[in-house]
Each structure stands twice: as structure tokens, then as C-alpha cells.
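This report examines selected features of one protein chain. The sequence and structure are shown first.

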Amino acid sequence: MIPGDPSLADVVLTGPRLTLRPWQQSDGDRVCAILQDGRMHEFLALPHPYLPEDAEQALARFAVSRADGTALECAVAETDTGRLVGSATVRLSDDPEIGYWIATDAQGSGYAAEASIVLARWGFARSLRRIRLCCDVRNLASAGTALRAGFRFEGISRNGITSGGTGRVPEHRGDLARFARLPDDPPGRVEPAFPPLPDGGLTDGVVTLRLTQPVDAEPFFEQESDPVTVANGFTGREPARPAVEAATRRAGLDWLVGPTGALSIVDTRTGRFAGALRLRRPG
């Protein structure tokens, strides 16, 4: 399969529960309803507010991409009910990439992972040698999807997301987590580096250990800048604030992909940050 193949117009793919089909004009109302939800705008560069004409324009672009062979743009529907639950795409550039979104009323069902597996299988059957999948480092649902679909973590592109910033699409910038899958990778999911924590974290009733979060950036920087901490640290230097902020943004991702996992120690009664703990998995 090479970019520019015009034979994609009628391709329909199926998974255990989903059908990935060409978009139809009748999908417009459902697309508009899904993408009007503010929760869909956190990590997607979308017009705001999302209007019916935005859905119409998107469906037209999807049809063009299939017709000119530059991308396999798919509506994701439940096979049993026909309900439209999302979008999944494999862009056929020099570095093919899968992208997706799932409606909030269908999230948590593993649909994004299933759609990604179906698209990857289709791409590899047509001689693609590599497919990437990228997401904001804070988008842990998407990172988890990548692992469940068998994609392996490759690294972080700092300030790697730049989208929007024109018209009614707000500019979005952020650090980008990169995953990829090759045809000869072992089948099945990639297990997370660390097991999931219980809801609310680990606690003895006095202190609670939970994943480090962006809200911890200021107290974490205060801790790392303390003269005693600096004197007993590895570098003997106070950390740079941007580096601390970046570390707290990607802490959830690090818990999934390793090799280290950052936990914050908080006072259980007040929720006040009290310190930090880091786990390391060598080898």
C-alpha cells in the first residue's frame, strides 16, 4: 500500500464488535452532537463552538482523503446496533499514522484500541512497514489505547503538538508521546510498566501515595529547590522550573511506559502535598 492509492473509496473493515466504514452525509448530525461536547476539545483541535457546517466540511474532507488515497478515513460504528461511536484514520504519508476519537457516551469500552488494531492489520497486509500513534503526554486514555493495541513507546517530542490557531480552532501546543508498531512486533497488548493504582491511591489513613499530577508542580519545585534537597541530590543544582513542570505533566505517562514512576505523598486529611517518591524498574 502506498500513498496516493485511489482504491480506498469503498473499503469496509470489521473487528469483533466494530465496523469501520466510509463516512456518509447522514452521519453529520451525530458527528456534530459528539464534537459539541466540551470534553472532546481537551486534546482535539476542533472549531469552538462546533457547528453543523463544521461537521459537513469534515465529512467532505474525509471523502476527498479516501478518493485521492492519502488516508483511510473511517466512521466507527457498532456492528450490532449501527450506532456511530467514533472516528479512526490511518494517514498514508511517508510515516503512516493512526488517529482516532471516540464519543464520550462510548468511551471506556476499548473501541479505540479495537479500531487501531483493525487499521494496523489492514495497513500491514498492504505492505506498510511501520505505523505510528501519537498523543499528548497528558492524554493517558490514548496512551493506554496505544499499549492495548500493541504499539510500543518510543519517546517524547517536546512541544511536539502544534495545531489550530486559525479561525475558530484554538491553538494547541504540548509535549507529544510517540508510539509505533511494526509488522513483526509480537502480537497482543503491551503491558504497562507499573500496575494500576487503586482509586484514590495507596493510603494508611495518614498519608496517601497517588500519581504525580500537574497540580503538584509548584510544591514539587519548592521541595526540589530546598537547600537540603539540593545538597543531598545527584547534581548539586537547583532544578529548572520548566523541567519540573514538564515532569509533572508526563508523570501519568511514565507510570504506563516506565522506566520510572513518580508518586506524590499527600496528607490524607487535607490533600496537601508533603513529598515525592520515585520507583525505578532497571532491566
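The sections below cover a helix, an aromatic cluster and a glycine in a strand.

## Helix α2

The structure is a predicted model. Helix α2 comprises 17 residues, 52-68, and should span 24 Å at 1.5 Å a residue; the C-alpha atoms at its ends are 25 Å apart, which agrees.

The buried residues of α2 are Asp54, Ala55, Ala58, Leu59, Phe62, Ser65 and Arg66. Because they cover an arc of only 135 degrees around the axis, they lie on the same side of α2. The elements covering them include β2 (18-21), α1 (28-35) and β3 (71-78).

## Aromatic cluster

The whole structure contains 5 aromatic pairs. In one of them, the ring centres of Trp23 and Phe62 are 5.2 Å apart and the planes meet at 35 degrees, so the pair is tilted. Trp23 lies in the loop between β2 and α1 and Phe62 in helix α2, so the pair ties together parts 39 residues apart in sequence. Both Trp23 and Phe62 are buried.

The rings of Trp23 and Trp101 have centres 6.5 Å apart and planes at 40 degrees, so this pair is also tilted. Trp101 belongs to strand β5 (residues 97-102), 78 residues from Trp23. With a relative accessible area of 12%, Trp101 is buried. Trp23, Phe62 and Trp101 form one aromatic cluster.

## Gly86 in strand β4

Gly86 is located in strand β4 (residues 84-91) and counts as buried, at 0% relative accessibility.

Key:
Residues are numbered from 1 along each chain as its sequence is written. This is a predicted model: local features need pLDDT of at least 70, side-chain atom pairs count only at pLDDT 80 or more; totals for chains, interfaces and linings use all residues. Side-chain values use heavy atoms; hydrogens and water are left out. Helices (H or I, at least four residues) and strands (E, at least two) are DSSP runs, numbered from the N terminus. Buried means under 20% relative accessible area, exposed over 50%, partly exposed in between (1.4 Å probe, protein chains only). The expected span of a helix is 1.5 Å times one less than its number of residues. The arc is that of the directions from the helix axis to the C-beta atoms. Contact means heavy atoms within 4.5 Å. Rings of Phe, Tyr and Trp (its six-membered ring) pair if their centres lie within 6.5 Å; planes under 30 degrees apart count as stacked, over 60 as edge-to-face and the rest as tilted.
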